[in-house]
Amino acid sequence: MEIKKSLENKFNTSLANLTGSPIREFDRFASSIDGIIKLTLGEPDFDTAEEIKEAAKLALDNNRTHYSVNNGIEPLRSAWAKNLKDRYNLDYSSDEIIVTIGASAAIEHSISAVTNEGDKILIVTPYFSAYEGVGILNKCNIEFIDTVDSGFKLQPDVLEKALENNKDTKAILINYPNNPSGVSYTRDEVKAIADVLAKYDIFVISDEIYGDITYNYKHTSLAEFIPEQTILISGLSKSHAMTGWRVGFIAAPQAMIRKIGVFHLFTVSGAATFIQDAAVTALSDENVDKYNNYMIETYRERKDYMVPRLRELGFEIPEIDGAFYIFAKIPAKYQHLGAMEFCKLLAKEARVGVIPGTAFGKAYDNYFRISYATSIENIKEAVERISQFINK
């Protein structure tokens with residue numbers, strides 16, 4: 001079916017600057033190759049804990065299929081507030097939390113609520129592509145803070161310079177533990193960043209979706225130091241292997257929550273009630289907590305196997321503090337290809353699928369991302385295939 005010709009050029013003009021997700025697009029390409037080992041998506045290979053699934057079944061049996069309160073049921077908002085207090089020493093009431101349709105919706109609601117057309121936002125790179133996409137849809141002016149020269153860690157002096165050079169900044173977006181690099185920050189490093197941000201009248205959108213998946217030190221939230229200007233984003237997709245359930249959270253002062261809640265109301269209305277009931281179990285059941293810890297330790301074992309072997313093959317890899325990604329530099333002899341062509345070659349010749357670094361910022365044409373959210377058997381075979389490819 002064809003569109004009426006006179007309507008072809010009448011779409012939102014921002015859409016001309018956007019295509020689909022570069023991660024999903026490359027994953028589709030990799031999926032077309034027979035026998036490929038995919039290390040592409042940030043999708044836990046674990047199933048959701050049985051206790052959570054049983055809670056959802058019980059909720060369905062109890063006909064918990066009607067409209068939810070728009071911002072989320074109170075037991076779930078309270079459970080998340082308790083989680084934030086217990087894990088990160090953050091003090092939020094249930095009225096300062098919104099339950100969203102995954103962290104992706106939380107990102108969209110937050111950027112939309114705090115920006116107007118022409119507002120400037122800063123994005124710390126490397127970054128999840130949705131930040132830029134939502135900024136473009138909101139007709140924001142976007143500037144990037146590159147971290148390639150500092151091991152993918154934002155340095156306070158670099159942040160200060162960026163803010164001084166962009167004094168009209170409305171909001172800054174930062175993600176840690178970082179997707180794609182796995183890099184994060186110690187408590188002292190978070191405090192140093194917060195001290196700089198506190199000097200400026202800007203919104204701080206802090207995407208901490210991987211905060212529960214850490215290896216070297218406990219996660220510290222920016223909201224501990226600058227809660228009055230922080231919009232904290234998280235969810236259950238990664239930590240609880242609940243990607244398809246779409247449960248995300250926003251925590252912020254009430255004045256922010258009221259505004260963000262308007263975007264939430266008029267875009268998605270609310271999360272499914274029976275899924276929210278299951279999410280309460282996800283946050284309160286001791287067996288679920290043990291299962292989550294098992295997942296994290298399994299990720300650690302995979303990382304500890306894969307990283308040293310890739311380094312032995314000549315790949316430069318930063319210290320990984322969390323999440324389940326490796327952001328590796330392309331070997332010198334292949335850098336002339338660029339990230340996209342290198343990853344295509346790796347997929348075709350080695351039958352290993354990874355994501356080009358340019359999916360996380362134009363500055364990363366010499367990098368690629370590996371997701372080790374797959375079995376150790378797949379990881380061992382992928383390393384062997386990469387070794388044969390590099391040494392041929």
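**Entry 1: Ser 371**

I started at Ser 371, whose side chain reaches the backbone oxygen of Leu 41 at 2.9 Å. I also found the backbone nitrogen of Ala 373 at 3.4 Å from a polar atom of the Ser 371 side chain. I count a polar contact as a pair of N or O atoms within 3.5 Å; within protein, one must be able to donate a hydrogen and the other to accept it, and residues adjacent in sequence count only if both atoms are side-chain atoms. Ser 371 belongs to strand S12 (residues 367-371). Helices (H or I, at least four residues) and strands (E, at least two) are DSSP runs, numbered from the N terminus. Is Ser 371 buried or exposed? Ser 371 is buried, with a relative accessible area of 2%. Buried means under 20% relative accessible area, exposed over 50%, and partly exposed in between, with a 1.4 Å probe and protein chains only.

A note to myself: this is a predicted model, where local features need pLDDT of at least 70 and side-chain atom pairs count only at pLDDT 80 or more, while totals for chains, interfaces and linings use all residues. Residues are numbered from 1 along each chain as its sequence is written, and side-chain values use heavy atoms, leaving out hydrogens and water.

**Entry 2: strand S7**

Next I looked up strand S7 (residues 230-235): six of its six residues are buried, so S7 is largely enclosed by the rest of the structure. In a regular strand the side chains alternate between the two faces of the sheet. I found both faces of S7 covered, with Thr 230, Leu 232 and Ser 234 on one side and Ile 231, Ile 233 and Gly 235 on the other.

Which strands pair with S7? Strand S6 (residues 203-207) pairs with S7 in the parallel sense over four bridges, and strand S8 (residues 248-251) runs antiparallel to S7, also joined by four bridges. Two strands pair if DSSP finds at least two bridges between them. I noted Ile 233 of S7 as the bridge partner of Asp 207, and Leu 232 opposite Ala 251 in S8.

**Entry 3: cavities**

Rolling a probe the size of a water molecule over the atoms shows where empty space is left. On a 1 Å grid over the protein atoms alone, a cavity is a set of points where a 1.4 Å probe fits but cannot get out, and a pocket is an open set with protein on both sides within 12 Å along at least five of seven lines; lining residues have an atom within 4 Å of a point. Grid points are joined across faces, edges and corners, and a volume is the space filled by probe spheres set on the points.

I found two cavities of 30 Å³ or more. The second largest cavity holds about 40 Å³, and its lining includes Trp 80, Glu 208, Leu 232 and Ser 234. Helix H3 (74-88) and S7 each give two or more residues to that lining, and H3 has the largest share, three residues.

**Entry 4: the largest pocket**

Last, I turned to the largest pocket, with about 1,200 Å³ of space. Of the 45 residues lining it, the closest to its centre are Ser 21, Ile 23, Phe 128, Ser 129 and Ala 130. Helix H1 (22-31), H4 and helix H5 (129-137) each give two or more residues to the lining. H5 has the largest share, seven residues. I also checked H4, which is mostly covered: ten of its 13 residues are buried.
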